[in-house]
Amino acid sequence: MLKDQTAIVGIGETRFAKRLEDTEWALACQAIKAALDDAGIDPSEVDAMGCFNQETTPEFDIARSLGFGDVHFFNQVAHGGGAACGVLGQVAMAVACGVANVGVVWRSRKRGDPSKRQWAGVQPRIADHWKWSRPHGLLRPVDEVAVTMRRYMHEFNVTREQLATVALSQRAYANNNPKAIMADKTLSLDDYLSGRMISDPLCLYDNCLESDGAIALVLVRSTDVDRHQQPVYLHAFSQGMSPQHQLMTDYHGHNPLQSSSWTTAANLWRQSDIQPSDIKLAQIYDAFSPMILYCLEAYGFCGRGEAADFIADGGMSQQGRLPVNTSGGSLSEVYLHGMNLLTEAVRQLRGEAANQVAAADSCLVATCDSTPNGAVVLRR
Amino acid sequence: MINDLPLPVTNDPVDHGFWASALQSQLVVQRCSGCRLLRFPPRPMCPKCQSSDSGWQVMSGRGKVWSFATPASPLLPAFEALTPYVTAVVSLDEHEDLRVVGPLLLAPGGDIQGVRADQLSIGQAVSIEFKRLADDVALPCWVLEPSGRQGE
């Protein structure tokens, strides 16, 4: 098994902003170099590379910029917000079984520019599965999630005031995180309720930021961790895709409110000695705030339809049962397809987070509920 | 950024039958020739019995609103021009797991533009109507049924 065989020993980030001047290529190099410096590992030692398939810079450009030597493994994972843990987990498997020794994973992205938004690039004719929803008016991911959230609110009597807890909690975390793009902007319930609707019932504050930056992590075999490093162990990993799943418009299976996270969670906990009741905090992909509710239930932190009460009662706050997205997440720290959730988990388990959770010894990191996805359990 | 509504490719052999029927104002879904499972959206193989043989079965075109969204700015220009509009995901009466997405029309033969969220609710009965957007494209749309036929 993969359990505890690999450890994250380095994390690196660029500055986060609405707009950065450097290219995605340059930002990727900066983040990877920072992560290697954090690990105390020379670039020439890296021989495994993992990234999103949406990365614009190919691996060879990264490798020949940073001065990697002979590279023995490289992978790319698809499906945007669902990919981060898959990238990490696949590199971990390659390192654990000896195909390679030192892995780096990264995401570099500039999306502060509105023209870079994916829906803005929709073509005149649609050939893939989006032909069944985009011409009909569900243009953007927020529209696709608004459909499931309206149904969820209907089935479980959830209010916008309860949903607001996600945005408000994460903004409070960001207000205490100097690196967060929203560090200096507070958010009140009145602000939330008067915010403009983007796709009813989702308002502006239910949407992630659009931002620029890069993040990287370095991973080695646990037996190779040296005394200068602060290892965070990859305890369990799974990817997941539910039966009849359809990317983002997962409306055609038996229960559209039970998407890929349910598949990922079952296989993750099967492999994990650390169970949901043991988990101290979680980082959950949050391109849109409903995904927190969906994942809290899928990963077993509360029962069906109970997530809104769970968060409204303070469950995801720093003193709550399960602090969630403690850096501010994609809603209020930075949107980098969820890679900041992994680095925040590492900081928490090192005891170095801006909003440090007491006795944080294990953390769930889960990726996008509405796509083929993945998750990891990390531990100190 | 495109100025017109994006349209589906309609000449893919897997789903050409759907779009051809749509031009005739008929809603069809695939029916497996082996196990008779109805499936939508179209696929080349039956997920239950793995048969590659299928035909098209005409549906009643009636269903109930499973959920809906009301997209607002920022949108592509063609959708901005349609606001306010509502797009519904509708469970067909033949089987609730068969769900078809379409914009709502205020009245039979009416416009997509001008529909507001408070004009419909989850569970409401709707019937299909096809709106011609190109020589090869008739888009499935939904019209509220007169009150009396309520859903859940």
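A residue counts as buried when its relative accessible area is under 20%, and as exposed when that area is over 50%. The views below show parts of a predicted model.

**Figure 1. Helix H3 of chain A and its buried residues.** Helix H3 covers residues 84–96 of chain A and has 13 residues. From its first C-alpha to its last it reaches 18 Å, close to the 18 Å expected at 1.5 Å a residue. Twelve of the 13 residues are buried, so H3(A) is largely enclosed by the rest of the structure. The buried residues are A:Ala84, A:Cys85, A:Gly86, A:Val87, A:Leu88, A:Gly89, A:Gln90, A:Val91, A:Ala92, A:Ala94, A:Val95 and A:Ala96. Just after the helix, A:Gly98 has a positive phi of about 90 degrees.

**Figure 2. The open sheet of nine strands in chain A.** The strands follow the order S3-S2-S4-S8-S1-S9-S12-S11-S10, and their pairing is mixed. Strand S3 (73–77) and strand S10 (281–284) are the edge strands, each pairing on one side only. From one strand to the next, the twist averages 25 degrees. Within the sheet, strand S9 (residues 232–240) and strand S12 (residues 373–379) of chain A pair in the antiparallel sense over seven bridges. A:Phe237 has A:Val376 in S12(A) as its bridge partner.

**Figure 3. The open sheet of three strands in chain B.** Here the order is S3-S2-S4, and the pairing is antiparallel. S3 and S4 of chain B are the edge strands; each pairs on one side only. Strand S2 (residues 28–32) of chain B pairs with S4(B) in the antiparallel sense over five bridges. The bridge partner of B:Arg31 is B:Gly55, in S4(B).

**Figure 4. Two cis peptide bonds, at A:Pro201 and at B:Pro84.** In chain A, a cis peptide bond joins A:Asp200 and A:Pro201, with omega about 15 degrees. A:Pro201 is in the loop between strand S6 (197–200) and strand S7 (202–203) of chain A. In chain B, the peptide bond from B:Thr83 to B:Pro84 is cis, and its omega is near -5 degrees. B:Pro84 is in the loop between helix H2 (77–80) and strand S6 (87–92) of chain B.

**Figure 5. Positive phi at A:Asn157 and at B:Gln50.** A:Asn157 is a residue other than glycine, and its phi is near 50 degrees. A:Asn157 is in the loop between helix H4 (141–156) and helix H5 (160–174) of chain A. Its relative accessibility is 65%, so A:Asn157 counts as exposed. B:Gln50, which is not a glycine either, has a positive phi of about 65 degrees. B:Gln50 is in the loop between strand S3 (38–39) and strand S4 (54–58) of chain B. With a relative accessible area of 46%, B:Gln50 is partly exposed.

**Figure 6. The largest cavity.** Rolling a probe the size of a water molecule over the atoms shows where empty space is left. A search of the whole structure finds three cavities of 30 Å³ or more. The largest cavity has a volume of about 90 Å³. Its lining residues are A:Thr148, A:Met248, A:Asp250, A:Tyr251, A:Pro256, A:Leu257, A:Gln258, A:Ser259, A:Tyr294, A:Asp369 and A:Ser370.

Note on methods. Residues are numbered from 1 along each chain as its sequence is written. Chains are lettered from A and ligands numbered from 1 in the order in which they are written. This is a predicted model: local features need pLDDT of at least 70, side-chain atom pairs count only at pLDDT 80 or more; totals for chains, interfaces and linings use all residues. Side-chain values use heavy atoms; hydrogens and water are left out. Helices (H or I, at least four residues) and strands (E, at least two) are DSSP runs, numbered from the N terminus. The expected span of a helix is 1.5 Å times one less than its number of residues. Buried means under 20% relative accessible area, exposed over 50%, partly exposed in between (1.4 Å probe, protein chains only). Two strands pair if DSSP finds at least two bridges between them. Axes are lines fitted to C-alpha atoms, for helices over the stretch in contact, and angles run from 0 to 180 degrees between N-to-C directions. On a 1 Å grid over the protein atoms alone, a cavity is a set of points where a 1.4 Å probe fits but cannot get out, and a pocket is an open set with protein on both sides within 12 Å along at least five of seven lines; lining residues have an atom within 4 Å of a point. Grid points are joined across faces, edges and corners, and a volume is the space filled by probe spheres set on the points.
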